[in-house]
Amino acid sequence: MYADTQNDITRQVVRAAQLLLAYGAESDLVEELSQRLGRALGLASVELSISANALVMTSLVHGRCVTTTRRIREHGINMAVVCELQRICLLAEKGLYGPNEVRKRLARIHPRTYPRWALIPTIALSCASFCHLSGGDLFACLITFLASSVGMYVRLLLAARHFNVLINFAVTAFVTTLIAQLGYFQPITETPRLAMAAAVLMLVPGFPMINAISDMVKGHLNVGISRWGQATLMTVSSVIGMTIAMQLGGLL
Amino acid sequence: MELLLVLLNDAFFSAIPAVGFAMLFNVPRRFLVFCAIAGSIGHCARTIMMRGGLPIEWSTFAAAAIIGVITIAFAKRHLAPPLLYAVAAIIPMIPGSYAYNTVIAIVQLTASQSLQPELLNSAVTNGLKTIFILGALSVGLAMPALVYYRTRPII
């Protein structure tokens, strides 16, 4: 293999690993997929070192090493991208894709998200279901639906304006809790507390938390701890937003 | 008969959050229904075990392990990573009201002048429940990979 080819293949593989990490795959999956993709494209070995916000990769062919570093910026969770990268790896492993096809398909990846009009009602319905599952009555569920749909709208608005995720969570929790307090002031529901607890559940950092534990259990301790820290900060900032709203409403 | 109604109620109302959160994580549309199926099965399993007298932590752990097994079957069929289905499917079992009670008790403790035993009690008991249920969820989900797929890739 020529040095140019090795450089090119290494670039494709590190691009795949960078995309996987940026869109929220767990470290074990990133390591496994990039090693398999590298081997399928003809590299003798691929070694990865993943840290909280960077990625170092070394590829080895015929005793020649290429090491490259990539910075990773968080782009939010997008499972469609992760799924697509898994497909590319499997196709390359079966021998259907060579380096050129992989490059073309990697260049075509762009993260698609669900439109706002679909996301807001489903998330609001989800929070209303949480309220029902924990035993809230009909009006509590309606209050939850209203509060979390407004909250989700604010959250998507702030995310589209590229605000820091912690600020975003604090403001969203504030708005949601402010509206969810309605049950305390109008005697329409027996369970105002459940409505408030359920409405902010859309801010649960599910993916960072599961990824964190999964990383730590499988031995990627430093990435796991940093993801755990991120999840904790997100929770704390939503608690701050909730507290301010409840103090404004005189509930604390 | 009554159990069946409870289970149907559980299945329906845990399928909705599973789909909602799957959309938040941008799971492709053709996989959404599988997230819903895994979420309903997991929540129903937990309800059955809790009615059988198991504590909530252990039933959550077992239900998460069941979800792990189901989602690996889905993943093998569709050639997609298993966490794609699994994280959305465990969302209905997140201990939301325990976490809420913990947080409110801690905030009230901060605001009060002296240490009040009932607030401290609420903070500690609810907090421990929250932490252990969350741990049970995520470790239970990793169980198939840790026990069965030790040396080979899942897909």
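Modeller: Terms first: on a 1 Å grid over the protein atoms alone, a cavity is a set of points where a 1.4 Å probe fits but cannot get out, a pocket is an open set with protein on both sides within 12 Å along at least five of seven lines, and lining residues have an atom within 4 Å of a point. The model is predicted: local features need pLDDT of at least 70, side-chain atom pairs count only at pLDDT 80 or more, and totals for chains, interfaces and linings use all residues. Residues are numbered from 1 along each chain as its sequence is written, chains are lettered from A and ligands numbered from 1 in the order in which they are written, and side-chain values use heavy atoms, leaving out hydrogens and water.

Colleague: What is the volume of the largest cavity?

Modeller: Grid points are joined across faces, edges and corners, and a volume is the space filled by probe spheres set on them. The structure holds three cavities of 30 Å³ or more. The largest cavity comes to about 70 Å³.

Colleague: Which elements give two or more residues to the lining of the largest cavity?

Modeller: Its lining includes Ala16(A), Leu33(A), Leu85(A) and Leu106(A). Elements are DSSP runs numbered from the N terminus, with helices (H or I) of at least four residues and strands (E) of at least two. Those giving two or more residues here, in chain A, are α1 (3–22), α2 (27–40) and α3 (79–93).

Colleague: Now the open space: which residues lie nearest the centre of the largest pocket?

Modeller: That pocket holds about 1600 Å³ of space. By class, its lining splits into 26 nonpolar, 15 polar and six charged residues. Of the 47 lining residues, those nearest the centre are Glu74(A), His75(A), Gly76(A), Ile77(A) and Val165(A).

Colleague: Which element of chain B gives two or more residues to the lining of the largest pocket?

Modeller: With about 1600 Å³ in the largest pocket, both chains show up in the list of contributors. Chain A supplies α5, α6, α7 (165–180), α10 and α11, and chain B supplies α1 (2–24).

Colleague: Which residues of chain A lose the most area to chain B?

Modeller: Contact (heavy atoms within 4.5 Å) takes in 47 residues from chain A and 45 from chain B. Buried area is the accessible area (1.4 Å probe) that two parts lose on being put together, summed over both. The chains bury about 4200 Å² between them, 75% of it on carbon and sulfur atoms. Together giving 16% of what chain A's side buries, the residues that lose the most are Tyr114(A), Leu133(A) and Ile210(A).

Colleague: How many salt bridges are there between chain A and chain B?

Modeller: A salt bridge needs a side-chain nitrogen of Lys or Arg within 4 Å of a carboxyl oxygen of Asp or Glu. Over all chains the structure holds eight. Between chain A and chain B the count is zero.

Colleague: In which helix does Arg105(A) sit?

Modeller: Arg105(A) pairs with Glu84(A) in a salt bridge, 2.8 Å from N to O. The partners are 21 residues apart and link distant parts of the chain: Glu84(A) is in α3, while Arg105(A) is in α4 (residues 99–108) of chain A.

How values were computed: Ala, Val, Leu, Ile, Met, Phe, Trp, Tyr, Cys and Pro count as nonpolar, Asp, Glu, Lys and Arg as charged, and the others, Gly among them, as polar.
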